[in-house]
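Here is a short report on one protein chain.

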Amino acid sequence: MMSMRTNLNQNQAVTLNALRGADRPLSAYDVLDALRQERPSAAPPTAYRALDKLIALGLAHRLESVNAYVACTIAHHGHDPLFAICDDCGAVDEMADPSGLRALTQSVETGGFSARKPVVELHGQCVGCQRERS
């Protein structure tokens, strides 16, 4: 996670606060709703620009499989994170496992594939939801 010394504009700050305050991944339209509380005239491109900037700064991530966004919660020092996503409650756990991701990348490269942006998202059930089902 990057330090907050980075200068964010108002839209980016509101977006980051919304992501950090959420208990589940947010869609771009959820972010837009948060932005509209500050600026009622905000349009979808405003949300996407803010999200793109936060991703570029390493402060947020896009979850490809659920088309939603989360705030970065760990320092992964230039390594791509892994995500565990609960299919029941939507909770997301961000993990840094460079050795696991490196092994996966090397495995596909052995077959001649060149991975540019590895994204690993594991879907299942979190501990809390497992307990509820028991």
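Contact here means heavy atoms within 4.5 Å. Leaving aside neighbours within four places in sequence, Gln12 is in contact with Asn7, Ala50, Lys53 and Leu54.

## Basis of the model

This is a predicted model, in which local features need pLDDT of at least 70, side-chain atom pairs count only at pLDDT 80 or more, and totals for chains, interfaces and linings use all residues. Residues are numbered from 1 along each chain as its sequence is written, and side-chain values use heavy atoms, with hydrogens and water left out.

## Overall fold

The protein chain has five helices and five strands. Both are DSSP runs, numbered from the N terminus: helices are H or I with at least four residues, strands are E with at least two. Along the sequence the order is α-α-α-β-β-β-β-α-β-α. The C-alpha atoms fill a box of roughly 50 × 40 × 25 Å along the principal axes.

Of the contacts with a separation of 6 or more, 47% join residues 24 or more positions apart. Of the 134 residues, 34% are buried. Buried means under 20% relative accessible area, exposed means over 50%, and partly exposed lies in between (1.4 Å probe, protein chains only).

## Surface and charge

The chain exposes about 8200 Å², and carbon and sulfur atoms supply 50% of that area. Accessible areas come from the Shrake-Rupley method with a 1.4 Å probe; for residues, only the protein chains shown count as cover.

There are 13 positive and 15 negative side chains. Lys and Arg count as positive, Asp and Glu as negative; His and the chain ends are not counted. The centres of the two sets lie 7 Å apart, with each charge placed at NZ of Lys, CZ of Arg, CG of Asp or CD of Glu.

## The nonpolar core

The largest nonpolar core has 20 residues, and Leu19, Val31 and Leu54 have the most contacts inside it. Helix H1 (10-21), helix H2 (28-38), helix H3 (44-56) and strand S2 (68-71) each give two or more residues. H2 gives the most, with five. Such a core is a set of buried Ala, Val, Leu, Ile, Met, Phe, Trp, Tyr and Cys residues joined through side-chain atoms within 4.5 Å. In soluble globular proteins, nonpolar side chains tend to be buried together.

Which residues does Leu54 contact, leaving aside neighbours within four places in sequence? They are Leu8, Gln12, Thr15, Leu16, Leu19, Leu59 and Ala60.

Gln12 lies in helix H1. Gln12 is buried, at 9% relative accessible area.

Thr15 is in helix H1 too. Thr15 is buried, with a relative accessible area of 0%. Not counting residues up to four places away in sequence, Thr15 touches Val31, Leu35, Ala50, Leu51 and Leu54.

Helix H4 covers residues 98-110, and its end C-alpha atoms are 18 Å apart. Gly112 follows H4 and has a positive phi, near 95°.

Asn67 sits in the loop between strand S1 (60-63) and S2. Its phi is positive, near 50°, in a residue other than glycine. Most residues other than glycine have a negative phi. Asn67 is partly exposed, at 46% relative accessibility.

Ala91 lies in the loop between strand S3 (82-86) and strand S4 (92-95). Ala91 is partly exposed, at 28% relative accessible area. Beyond neighbours within four places in sequence, Ala91 is in contact with Ala84, Ile85 and Cys86. The C-alpha atoms of Ala91 and Gly124 are separated by 10 Å, at 33 residues apart along the chain.

Note on methods: Expected span 1.5 Å × (residues − 1).
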